[in-house]
Amino acid sequence: MTESERKPIPPDRYSRQRILSEVGDSGQRKLAESSVLIAGCGALGGLQADLLARAGVGKIRLVDRDFVELSNLQRQILFDEKDAERHMAKVEAASARLHSINSEVETEPLAIDITSRNVENLLDGVDLVLDGTDNFETRYLINDACIKHGKSWVYGGVIGTIGMVMLVEPRNGACLRCLVPDPPSPGSVPTCDTSGVLNGAVGVVASLQATTALRFLTGAGAGRRGLVHVDPWNMSFDFCKVLRDGDCPCCGRGEFEFLEAKSTSWTTSLCGRNSVQVSPPREISLDLAALRARLERAGMVEKTGLLLMFKAADGEIVIFPDGRAMIMGTTDVTRARGLYAKYVGI
Amino acid sequence: MVKVIYKNSEFQVPGNTSPRKIIVRLGLNPESTLATRSGKLISLETSIGQQDEIKLISVVSGG
């Protein structure tokens, strides 16, 4: 891009950032020309998006499979009570909020589940990936895809009062599998359901991730490489070096086991929620208007933004355009599949 | 004795051991616990001497 083709930077909006020697006009321009993927748009992803939009990152691709609920509002700063009442798709509510914060930022809201089938496409055109997910299954997929395609990503996790952050740069340090070679078994790590989460801990972790992103995107480099471990409730801030494992299956041997496992689970019980997500066995694009017409014969249907909300005598279902559905009010996978088959169809 | 720090608590365990054995002894899960010594991540199979100090960290999944 030539100097004359570059978008001019408004004089006032970023003035407090441009006078920082760490950013400057040059860094600000790089941010405007940057594109990021925020994978998961809840607590961590929401604050990352807020900070990066305010900082002037040019394009933000938002991916999340979920919709807004009242219990999100304690820590998910992009959403409000109206979003929860309307059961808005998180990416849709987030995108609207980000536009009201900074209309110059381009957002791409995608209300989809990240799977081995789509994760590589989601990396197209982005300079950096930020982790806002709430599960290891998706993180190992992101790690595989990013190492394979030479994209950097910023791992972050938070639970209770503690959190951790690490920048993963392909061919330049450790990856997630150098840190934790295999995902912990399902049910072996605490979840927000069993341990809760402190909103201040979310703030610290997401801020560290966003700051890491700003360093990376402005060309300042990674800085101190390794794992940051924080517990803001106890004012604890720790750092440890993580060496690359030459025998790591992913970054060492180039085996992308999670990416190559093309099947994904049909059903997922959702963290902290009395609901089950049912996914179709292959990627589809639902005709929501046609489905709505069919469902109106069986119960009450309402379209809220991107989603269909359906209520019948035997269950309540939230249906997404990619064919996924959240079966509400149950953790019984068999019952959830049954309701999906009955109303959405398989 | 080895000094072990985990979540603001300190424990003393006999030396000549490994992080994995210490993690199991403390009732933690080796699949989801990391060990560091002198500011560096170490393998769970690393030999831990009598005078060592290690920190244990739980892997964090939420977000």
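At what angle do helix 3 and helix 10 of chain A pack, and how far apart are their axes? Keep that in mind while you get set up.

This is a predicted model, where local features need pLDDT of at least 70, side-chain atom pairs count only at pLDDT 80 or more, and totals for chains, interfaces and linings use all residues. Residues are numbered from 1 along each chain as its sequence is written, and chains are lettered from A and ligands numbered from 1 in the order in which they are written.

**Stop 1: all of chain A**

Select chain A. You'll find 13 helices and 14 strands there; helices (H or I, at least four residues) and strands (E, at least two) are DSSP runs, numbered from the N terminus. The C-alpha trace spans about 65 × 50 × 40 Å along its principal axes. A compact globule of 346 residues would have a radius of gyration near 20 Å, and chain A agrees, with 20 Å. That radius is taken over C-alpha atoms, and the globule rule is 2.2 Å times the number of residues to the power 0.38.

Of the 346 residues, 47% count as buried. A residue is buried if 20 or more other C-beta atoms lie within 10 Å of its own, exposed if 12 or fewer, and partly exposed in between, with C-beta atoms placed from the backbone. As for contacts (C-beta atoms, placed from the backbone, within 7 Å), residues 24 or more positions apart make up 66% of those in chain A with a separation of 6 or more.

**Stop 2: helix 3 against helix 10**

Now select residues 43-55 of chain A, which are helix 3, and residues 199-218 of chain A, which are helix 10. Here's the reply to the opening question: they pack at an angle of about 45°, with their axes 8 Å apart. Axes are lines fitted to C-alpha atoms, for helices over the stretch in contact, and angles run from 0 to 180 degrees between N-to-C directions. The two helices are therefore oblique to each other; angles under 35 degrees count as roughly parallel, over 145 as roughly antiparallel, 65 to 115 as roughly perpendicular and the rest as oblique.

Show the side chains. The contact divides into 12 nonpolar, 4 polar and no charged residues. Ala, Val, Leu, Ile, Met, Phe, Trp, Tyr, Cys and Pro count as nonpolar, Asp, Glu, Lys and Arg as charged, and the others, Gly among them, as polar.

**Stop 3: helix 3 against helix 5**

On the helix 3 side of chain A, look for A:Gly46, A:Ala49, A:Asp50, A:Ala53 and A:Arg54, which meet A:Ala94, A:Leu98 and A:Ile101 in helix 5 of chain A. This contact has 5 nonpolar, 1 polar and 2 charged residues.

**Stop 4: helix 2**

Next, pick residues 24-32, helix 2 of chain A. Its buried residues are A:Gly27, A:Gln28, A:Arg29, A:Lys30, A:Leu31 and A:Ala32. What covers them? Helix 1 (15-18), helix 3 and helix 10 of chain A are included in the cover.

**Stop 5: where the chains touch**

Bring in chain B. The contact takes 33 residues from chain A and 14 residues from chain B. Helix 3, strand 5 (152-159), strand 6 (162-168), strand 7 (227-231) and strand 8 (236-240) of chain A each supply at least two residues of the chain A side. Strand 5 of chain A gives the largest share, 4 residues. By class, the chain A side has 17 nonpolar, 13 polar and 3 charged residues.

**Stop 6: two loop residues**

Most residues other than glycine have a negative phi. Zoom to A:Met235, in the loop between strand 7 and strand 8 of chain A, whose phi is positive, about 50°. A:Met235 counts as exposed because it has 7 C-beta neighbours inside 10 Å.

Then jump to B:Lys7, in the loop between strand 1 (2-6) and strand 2 (9-13) of chain B. Phi of B:Lys7 is near 50°, a positive value too. With 14 C-beta neighbours inside 10 Å, B:Lys7 counts as partly exposed.

Conventions: Two residues are in contact if their C-beta atoms, placed from the backbone, lie within 7 Å.
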